[in-house]
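Open the model in a viewer and keep the selection panel at hand. The stops below say what to select next and what is there.

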Amino acid sequence: MLWTKQDDIAFIGDNFESLKFVDNEKLPYFEINQNELLPFLKEIKENPNLQFKMFIDFTVADYPLHKPRFQGVYFLYSLILKKRICIKTWAENERLPSLTGLWKGAKWAEREAYDMFGIQFEGHENLVRMFMWESYQYYPLRKDFPIEGIKDTYLPSLNEKPGSMPSHDYEEYHTAIPTMEDLEETEKKRIQKKAQIVLNWGPLHPGTHGTIWFLFDLEGEKVQNCDIILGQLHRGVEKIAENVTYTQFIPYTDRMDYISAICSNVAYVNAVEKLLNVEPTEKAKWIRTMLCELQRINSHLLWLGTYALDLGALTIFLYTFREREKIMDIIEGIAGIRLNSSYIRIGGVRLDLPEGALDVINHFIKDFPTKLEEYETILTKNRVWLKRNVGVGIIEEEDVYNYGLTGAVARASGVAYDIRMIQPTDKYDEVDFEIPLGTVGDSYDRYLVRMEEMRQSLNIVKQCVEKLEKLKDDKHIATDNPYVLPTLDETFISIESMVKDFNLRIYGEQAPEGEIYLSGENPRGELGFYIISKGEGRPYRTRIRSGAFYNLQIFPELIKGRTIADAVVLLGSLDPVVGETDR
Amino acid sequence: MAIMNNNGIILTTAEEVLSWGRRNSLWPVSIGLACCAIEMMHTAASRFDTDRLGIIFRGSPRQSDVLIVAGTVVNKVAPMLKLIYDQMPDPKWVISMGGCASAGGPFPTYSTLQGVDRIIPVDVYVPGCPPTPQALLWGILELQKKIKAKREGKEFKEIPIKKAEPSFPINK
């Protein structure tokens, strides 16, 4: 994707004195003073020649030695120019204006910035902690906060016996754990009881797809108001990213969105490769594309199974898990691990395709369409299915831009926003596929779009297999590049490779100074990685733009005025994964 | 320790019957926390099918006797997990599934609980990140052995920990 440059917005540039353009090669950005930020954003959003209507991301970076200390970074997307824009502004006195008046999607991103950095937002409707609880005193993503936290609570293990050797390396002191009163206070700050009863749904409930905590203000059966408490799976992935090397962070990316691990790997590795100017080999690109699409089918199958299970169709759950086992066997055969495979490496993939892998995939391609038809026969025209899904949670096109919705949720509302098309990475520009679009934007459309996506993914896999059969003898990883880890064989044979391996593993990839924002099309939406490098072996800051995080944000809006039973349908059709929303 | 006599009458103790029943009808609470929950679902679904071991996932802690802690326990969810454990009727057991639940796993951070055994006692630790369904089934079978051993009055034998000894270089 192209980035907006000076010429594109030259005709409004004179109105803003402090507007400054920095032409970096990888990420050109605009810098503007804080007091002119809101008028500038309003102008580029509403100007008919620009139309930067789609909210992509907002984040903050911490520079302790700079004054002012925090810098806000905004990413927007223009529908006309088909370009992104990156805008930066320094937060004077640790305050920033709130964007919630312009884009509703900024609400949670600003809460997150407040939670992690302690920045106040002027004009935010309800600025509370996003991931941590209310009485938590620290701001974890600040540079002066240690990754392991402040260990001030005596919390010994109940299983370790005194005198015996502990089974793992552990300390008796631990970071503070909230009490039930703390959590109650967190809940009360979110939602004020106006109707009859505040109903808690979650955080540990089989229907919430993980650990999301919903609060419904109910009038009878109708939901009057709703808010969501996240952070029940906040593991501090962004903080970890600052403390490990680029290669070491790859396993964390698949533990974020654990249902589509390889897609997350590929999105991250692509961003790092662009930062390091590494070009993966041809074969690796095809393998990545193929595995991404297999993983997409895998992910959509889990969605279908659990979605149907939530609506009472247990059969589908058992059927889709039968198919999932097949895909996971394929992935296990290729990568060695079933679920969180960490198969992708900088410059290629970890191992070459084993013998017979393509035959197994070919067999799966032949077998799967009949299975897909089976699911559709059971569901698509099913009366119960139609009654539960049609007309539930209609998302307008305007809302897609407003909330920054991506993935199948956006496409079901008729917005053709697919990263595979507009910014093709790997081999997506060479394969032939279609983007299914919905018309109404309700749950049923989202169901249809995802079902069609599985067919398209299968089509892509087929093309990749055909291509890979011709590339049998190629190299799977570009080890000639100084940033790429050598393979195990090379390490044992040559001393140069061994030294290189040692250096890369101990000191990390010494990335050139600069910034990068690159995203990939995950089954859950756009997964973007914004990496700031200061020329060290570790990134200075890694921001993860999660598709599920933004998609979930529209849930309170959609459930208002509907019955409590629709909550299950809506949540299932938005398909969030908590590992990615909370990071 | 059941004895069958010639007339087809089985003689046993009440304890024996209870223990047999308990270990063959372990009902876990269906709580998924993170990645391990997906593998837990796979264990329960078509291929591995825990129903044949008498394991049926229940929606309520009041009806369950096993808590499978599947995934990362973060500080914020820890009090609620303890609440669920407290709501379960006795006797109850806990299986800690995966590296995160056992010891914090790959997340030694400010927000992660470094081992679920800091808030609730754990009976079986299943290693892996995430453990495969086979590994979880091993954990469940191990728990059944533990329940059986307890009925017979002996503690389930753990593998003795070998203390590290100083090693000396080999002289050739």
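Start with α8(A), a helix that is mostly covered: 26 of its 29 residues are buried. This is a predicted model. To show the helix, select residues 282-310 of chain A. From its first C-alpha to its last, α8(A) reaches 42 Å, close to the 42 Å expected at 1.5 Å a residue. Then step just past the end of α8(A) and pick A:G312, which takes a positive phi of about 100°.

Next, select A:H476. Where is A:H476 found? This residue lies in the loop between α15 (443-470) and α16 (488-493) of chain A. Is A:H476 buried or exposed? Its relative accessibility is 13%, and because buried means under 20%, A:H476 counts as buried.

Now show what surrounds A:H476. Leaving aside neighbours within four places in sequence, the residues in contact with A:H476 include A:T281 and A:A284, the run A:G347, A:G348, A:V349, A:R350, A:L351 and A:D352, and also A:T487. For one of these, draw a distance: the side chain of A:H476 reaches the backbone oxygen of A:R350 at 3.5 Å.

Move on to the place where the two chains touch. Select the residues of each chain that take part: 64 come from chain A and 52 from chain B. The area buried between chain B and chain A is about 4800 Å², and carbon and sulfur atoms give 65% of it. Which residues of chain B lose the most area to chain A? They are B:K76, B:Y110 and B:R118, which together make up 21% of what that side buries.

Stay at this contact and turn to its polar side. There are 22 residue pairs in polar contact between chain B and chain A, with both residues at pLDDT 80 or more. The count of salt bridges between the two chains is three. To see one of them, select A:E325 and B:R47, whose side chains meet in a salt bridge at 2.7 Å, N to O.

Last, colour chain B by element. On the side of chain B that touches chain A, the elements giving two or more residues are α2 (35-44), α3 (78-87) and α4 (98-103). Of these, α3(B) gives the most, with six residues. Colouring that side of chain B by class instead shows 31 nonpolar, 13 polar and eight charged residues.

Definitions and conventions: Residues numbered from 1 in each chain as written. Chains lettered and ligands numbered in written order. Predicted model: local features only at pLDDT ≥ 70, side-chain atom pairs only at ≥ 80, totals over all residues. Heavy atoms only, no water. Contact = heavy atoms within 4.5 Å. Buried area = accessible area lost by both parts, 1.4 Å probe. Salt bridge = Lys/Arg side-chain N within 4 Å of Asp/Glu carboxyl O. Polar contact = N/O pair within 3.5 Å; in protein donor to acceptor, adjacent residues only side chain to side chain. Helix = DSSP H or I, 4+ residues; strand = E, 2+ residues; numbered from the N terminus. Nonpolar A, V, L, I, M, F, W, Y, C, P; charged D, E, K, R; others polar. Buried < 20%, exposed > 50% of the residue type's maximum accessible area, 1.4 Å probe, protein only. Expected span 1.5 Å × (residues − 1).
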